[in-house]
Amino acid sequence: MIKKYLVCRFSASIFIIAVAVVTLCSATLTPRQMRDKAQRFYDHEEWPNALAMYHLILQDDSTDLQAYGRVIAIYSLLERDDNLPPLFEQSQQCRVAIDSLLSEVKTSAFEIGHPQAYERFLLVLKESEPWMRRNINLHLARYYDSRNSAEKMVEIADTLLAVNPGDPESLHIKARGKMLLSDYISAIDIYKHIVTLSPDDVDAMLNVGVYYLSEVEHRGLELSSHEAVEARRYLNMAYAVKPTAHLRALLQRLAL
């Protein structure tokens, strides 16, 4: 039976329920049958019907994380931005964990082959919920990092670093963005800064060491050159923290 009343009531303004689906979803449908119908509509990209079914599922269970993720991803895909803040607010009234919700929206967006729907939701949420901007920027930075969106990686990382200049994750994202933009000097400076802040950051050491090693080999530099010295220095630092066969092999290529 579909519940008539909820502890957490949903605003009527966020409902789009197709008449045909409402007819199908009579009081005789079990929750399992509703979910099966929703899945079929979702798999066949019948978005209005999928929205209708997932809204009905949320009426039956106001904390259903998958239903939230899929409804939000579909609204974002359809550019129905006005529906997104109310849905988020309702999820919070129902005590759905924010990070879990964002993760589920991301999963749904990638699942339907439209990752930009996740980005759109984050951007809308950043404007509608100013108190969440740092958290949203962090999720955006990770998203852009995963998509190799270099300029946006640098832009969002700079926003985060303006608040917390020593944040290692933001520094890594900015450095990788600079690398993708072929601004290698800036990237290496950032990685070196990370090492000063986190002396056990092997990834930063490895990035510096490999960059200088590539310079030595591609430019045919002497093993006594500044670049070779820097390569040995940072690769040795990395090896001291995490001795691996790969690092040992890299260092052997620099042996005097």
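Helices are DSSP runs (H or I, at least four residues), numbered from the N terminus. The expected span of a helix is 1.5 Å times one less than its number of residues.

This is a predicted model: local features need pLDDT of at least 70, side-chain atom pairs count only at pLDDT 80 or more, and totals for chains, interfaces and linings use all residues. Residues are numbered from 1 along each chain as its sequence is written, and side-chain values use heavy atoms, without hydrogens and water.

**Stop 1: α9.** Select residues 150-163. These 14 residues reach 21 Å from first C-alpha to last, close to the 20 Å expected at 1.5 Å a residue. Now colour the buried residues (under 20% relative accessible area, 1.4 Å probe, protein chains only). They are Ala150, Met153, Val154, Ile156, Ala157, Leu160 and Leu161. The buried residues of α9 pack against α7, α8 and α10; contact means heavy atoms within 4.5 Å.

**Stop 2: α8 and α10.** Select residues 133-146 for α8 and 168-180 for α10. Their axes (lines fitted to C-alpha atoms over the stretch in contact) form angles counted from 0 to 180 degrees between N-to-C directions. Here the angle is about 35°, with the axes 11 Å apart. Show Leu138, Ala141, Arg142 and Asp145 in α8; they meet Glu169, Ile173 and Arg176 in α10.

**Stop 3: α4 and α7.** Move to residues 65-77 and 116-128. α4 and α7 pack at about 90°, axes 8 Å apart. That makes α4 roughly perpendicular to α7 (65 to 115 degrees). From α4, show Ile72, Ala73, Ser76 and Leu77. Across from them in α7 are Gln116, Ala117, Arg120 and Phe121.

Note on methods: Helix = DSSP H or I, 4+ residues; strand = E, 2+ residues; numbered from the N terminus. Parallel < 35°, antiparallel > 145°, perpendicular 65-115°, else oblique. Buried < 20%, exposed > 50% of the residue type's maximum accessible area, 1.4 Å probe, protein only.
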